[in-house]
Amino acid sequence: MTFTTPWLLLALLALPLLWWLLRVTPPTPRREHFPAVRLLRELGPVEQTTARTPWWLLALRLLAAALVIVGLAGPVERAGGLPLGQGPVLLVIDNGWSASGDWSARMLAANAALDRIAREGRRAALLATAQDPSGAPLVIGAPMPPSRLRARLAVLQPEPWPTDRAVAASLLRHWHGRGVVYIADRIGSPDPAADKAFAAALARLGPVTEITEPNPAAQVLLPPLTEPGPSGGRLIARVGVLPVPVRQTATILAEAPGGRILARFNVSIPPGATQGEAAVPLPLELANRLDALRLSDSQGGSPSAAGVFLLDERFRRRPVGLASGDAADAELPFVGDLYYLSRALGPYADIRQGDLSRLLADRLAVIVLADRVLPAGPEADAVRAWVAHGGLLIRFAGPLVAAHPDALLPVQLLAGERTLGGALTWGRPEHLAPFPRTSPFAGLAVPSDITVTRQVLAEPSVDLDTHSWARLDDGTPLVTSSRLGAGRIVLFHVTANAAWSNLPLSGLFVTMLRRLVELSAGVAESPGQAVLMPASVLDGLGASETPGPAARGLAADRFTVTMPSPLHPPGLYGPENGRLALNLGPALPPLILAPPIRGARVEALDGMVRERPFGPPLIALAFALFAADLLIALGLRGLLARPAMRAAASILLLGVIAVPASSRADIAADDPALVTRLAYVVTGNQAVDQLSRAGLQGLSDFVNSRTAATLGPPKAVVPGRDDLSFYPLLYWPVTPNAPAMSPAAVTALNRFMGNGGIILIDTEGSDDGASGSGAGFAPGSGAALQRLTRGLAIPPLTPLTYENVLAHTFYLLRDFPGRFDGAPVWLASDPSNRNDNVSPVIIGSDDWAAAWAVDPDGHYPYTAIPGGDHQRLLAYRFGVNLVMYALTGNYKGDQVHLPAILERLGQ
Amino acid sequence: MSEAGPVSSARDARRAEALGAALPPLLVAARRVAATVAQGVHGRRRVGQGDSFWQFRPFLPGDAVARIDWRQSAKSDRTFVRETEWEAAQTVCLWADSSASMRWRSRLAPVEKGERAALLLLALAALLLRGGERVRLMAPHSPLGTQSLSGRDALEKLAQGFMQSLMQARAEPAFAESLPSSSLPLPRYASVVLFGDFLDPLSAVQTSLARLAAVPVNAYVMQVLDPAELALPFHGRVRFMDLEEEGDALIPRVEGVREAYAERFTRHQDGLAALCRALGFRFSTHMTDQPPEQALLALYLALAPGPEASGEASGSVALFRPFGGGTLGAARG
């Protein structure tokens, strides 16, 4: 533990003084009211030893003071020093493929180093020794405070290619500063000279702290080998490691497409060895379906790009069936056909031997027939069908074929064979001509010692040239081929054994067969100059991702010699059916340790831990103690007995608990049950709805100002959707083009009327020729009214007259105009007793809403027709009567009978 | 605390209202307390105005004919006159300390001193009124003035007047009395009962009481104290705040002065007792943590001494005499 400002600790020396002061200063007295205080005052000189602050309270205060001092001094836990030299510190980080295994530890170490740099108040610059995926050249960043550098550090990633120490070394040579922190992977880069230059350049830059894994253990997957075996060979995974004097183990996962793990096996590397190998424990069919081999780091670290080996078509082994016409001695060593074929194909293919019918039953990519005649019949048909489905039939000539050429040959053969350089011929054994460019064998070197002594001859034809994949020097075809359906038939015009030529003895034979077998999987193209674009690349942790913008295509024949770089990241290249893999492992040189840096101080990677300053918690604790001290002091003075102080203390102790504000107000504002209001039926016509709202608002205001009723703002309702039971009066404007009511709406309106509600149906004008001043304002409204009210339970109607209760409920009315006047108003002629003799429906056409409407400025937007303030006043009065009728029912029913009552009283 | 400050009259008015609201319960409590003590009209054991029969005597010339008791006379040849016992109602003057120091209670006591004093005063008044005595409130600013009260509704009136005087004293500290003033004329030979804490200097107490003694009256001094005033149950460093402008006292360590205080307090009590004895007053102390009935019984016994006790009183006034211990009032007609 160290302190950022240790001299502040000197203040601890003042603690005894504080102790003495606290001891001398008596505690604040409690305050007590006391009636007999006079007697106390008369006691005269009293004992002077005053009550002391209790020792524990004193200790509490001293502890709090000490905590503040220590906290301000800035204690830092797990602090470590680094020799940092002068000027900005250069932070060099290896972020090549080999850094990915313990990348998080490296980031932690880098941050820890930045902690120390920040504590020293220094600035730092960053140099990552591997290029980032953008392909930008390496640079040393500008020196900046460590807090800002951390953001740069956070985006740093291990890259799937080696470090570029040559460029780094040249950058270092131009860096002017002393003090380097180097987080090294200690793996030699592909260029040993660059490593040396890099180490020298670092050593020149003053005190170097090399933070690294003391025992670096890098593992690289090398290209797997295919090993011939009795059952057709195995895939041998190879792992390259740094030579260490102990036995190492690598765990490899065999992955199928989709990331399914088909096998997990260990590779054991002997002490001191640089590589180990183990067979993939999978049957060949399964091994052929492998997508990748992946090193599983059992130590829990992250995988690296070098720990992934993508398997492309070159590593898919295909089952090849072999059959010979001469079953007796086909397998004889050095004599039999199949002896040569199985040895040539074995390393690369899964070989099945046996009867042709059995081979056809198997799933095979290639069938090789050595001097086997296919006479016309079911067998030939089966083979033909198999080839037409995509099989590759490779046939070798021989005495039998020469004698009985059949149909399943790429070219027509001349009967008999041609002998070259035999005892009875003039000719000499022929050599092979270079392969034509269109041949799958193109590019293969032709050894000069291959001679052909006998062969079958193709019947000359115009397209013989296009069928020929290999020729002899004299132009006669040696290998001919032709398509058959989706498949292909290839004929070697010689035998598969050394009887007719020494081709089967040569390495070319193996390569040619291998190319042919590769052909069977659809890799029709031979490696050439074709540029394959990256399809899926690996990132620094060995995970697949889409290629970045810097990734370029790579010529097919450059795959084996290209070192992965930002331009060519490791991954799969090429089209879907012809993927080639660029792997990091094969491109890397054998792993060696990078040369040590002279004079560097080496720190272990896991020894670098983040510093933890804990001054602020100490000060927080001190303040908590002070708060406790305050409470205690209040308690000692007797002030906590007051409820207010106690409440304040509780708040101090518990903190403020926010009580969410109740949302009752919101509920109340929206609850239709809490306020009486008028409602109107939404017609869907915006102008009509606005008029309804404005009219009912004007009527509500009028009612509120003139009567004891208090109405809220009007509400728009949709019958059938909204609950209508809250509203005493429903204003329903019926427009000529109103759509029909839904059954639910009709039901709701009927129930509304049945339960005592009143509907005021207003056609807002009437047909031409109708009575009243509104005639002609709403042509078709009569029909619309009939249409809309068809389902409603409307009782028999009668015109509203002065004799009705509605004309008496508040004002005594003889006319009931709205915006228009003169049209009759209809209501139930004989309302049922059940409903208080109140008519459930009132129908008119005087456009009352327009008469009631008031715009926000207080003006009446609609002129009354024929006009006059009196008409509008009467309209309002009718509205008031209507509201009262709705609210009070037949309360004013006696008014109607008043004349009769008076008459009776008079008698 | 500024209970005595005139600026806070609004708050004090509120408090007085609260105090007044406590009146009915206080009355009830007073009546309940009074009921536990016996009551009765005290005959003077001599012939005079009254209801109770005292004696028959022969008709003498000059007697009104209407006074002849014909029933008795019919028993013999002589004519008798019926005489009743002289029953004189005594005026008892009541006073209670209304100063701020009475409105205080410690944690040891259930009620404030002033509250207890008021309870005792009203309970005694209830007792006395039931016994037919006249009661007068010694409060110079009370609306009752020098009115003596008797009868059925006297207790309510008295209680109202008393509470009003308390409210006035609370609202206006100048009206508060920590010792009885002699500004009110007192009937000579009246009985006076004083409730208070009497923590003022002895000289002031003596001046005040001597003025009473000069009237002369027969006084009973009931000192109402909080137990904390006796025990000083505080610890540590305490600043004792005054309630009546006496100045604060900062005691560095209360434990250290507790004995000295107790000694000083005892001296004060002894001085008070001696003072009262010298003036012929009776003196007793009531602690608020004790039931009020005790104090009331002591008061009652003191105000109604038996024959043997009557000589002890200052002599000129014979206090009431009950007919006899447990059967008080049984002889009422």
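Author: Let's start with a definition: a residue is buried if 20 or more other C-beta atoms lie within 10 Å of its own, exposed if 12 or fewer, and partly exposed in between, with C-beta atoms placed from the backbone. By that count, 41% of the 333 residues of chain B are buried. Keep in mind that this is a predicted model, where local features need pLDDT of at least 70, side-chain atom pairs count only at pLDDT 80 or more, and totals for chains, interfaces and linings use all residues. Residues are numbered from 1 along each chain as its sequence is written, while chains are lettered from A and ligands numbered from 1 in the order in which they are written.

Chain B has 10 helices and 10 strands. Here helices (H or I, at least four residues) and strands (E, at least two) are DSSP runs, numbered from the N terminus. Two residues are in contact if their C-beta atoms, placed from the backbone, lie within 7 Å. Take the contacts in chain B between residues at least 6 apart in sequence: 73% of them join residues at least 24 apart.

Now for the sheet in chain B. Six strands form an open sheet, in the order β5-β4-β3-β6-β7-β10 (chain B), and the pairing is mixed; two strands pair if DSSP finds at least two bridges between them. At the edges you'll find β5 (148–149) and β10 (282–287) of chain B, each pairing on one side only. Further in, β6 (residues 191–196) of chain B and β7 (residues 218–225) of chain B run parallel, joined by six bridges. To spot one of them, look for S191(B), whose bridge partner in β7(B) is N218(B).

One is α4 (residues 113–130) of chain B, which lies across β3 (91–96), β4 (134–137), β6 and β7 of chain B and runs at about 170° to β3(B). Another, α9 (residues 292–303) of chain B, lies across β6, β7 and β10 of chain B, at about 170° to β7(B). For such angles, axes are lines fitted to C-alpha atoms, for helices over the stretch in contact, and angles run from 0 to 180 degrees between N-to-C directions.

So much for chain B alone; where does chain A come in? The contact takes 30 residues from chain B and 23 residues from chain A. On the chain A side, the elements that give two or more residues are β2 (30–33) and α2 (37–41) of chain A. The largest share of that side, five residues, comes from α2(A). Sorted by type, the chain A residues that touch chain B divide into 12 nonpolar, four polar and seven charged. In this sorting, Ala, Val, Leu, Ile, Met, Phe, Trp, Tyr, Cys and Pro count as nonpolar, Asp, Glu, Lys and Arg as charged, and the others, Gly among them, as polar.

There's also strand pairing between the chains. Four bridges join β2(A) to β8 (residues 238–241) of chain B, and these two strands run parallel.
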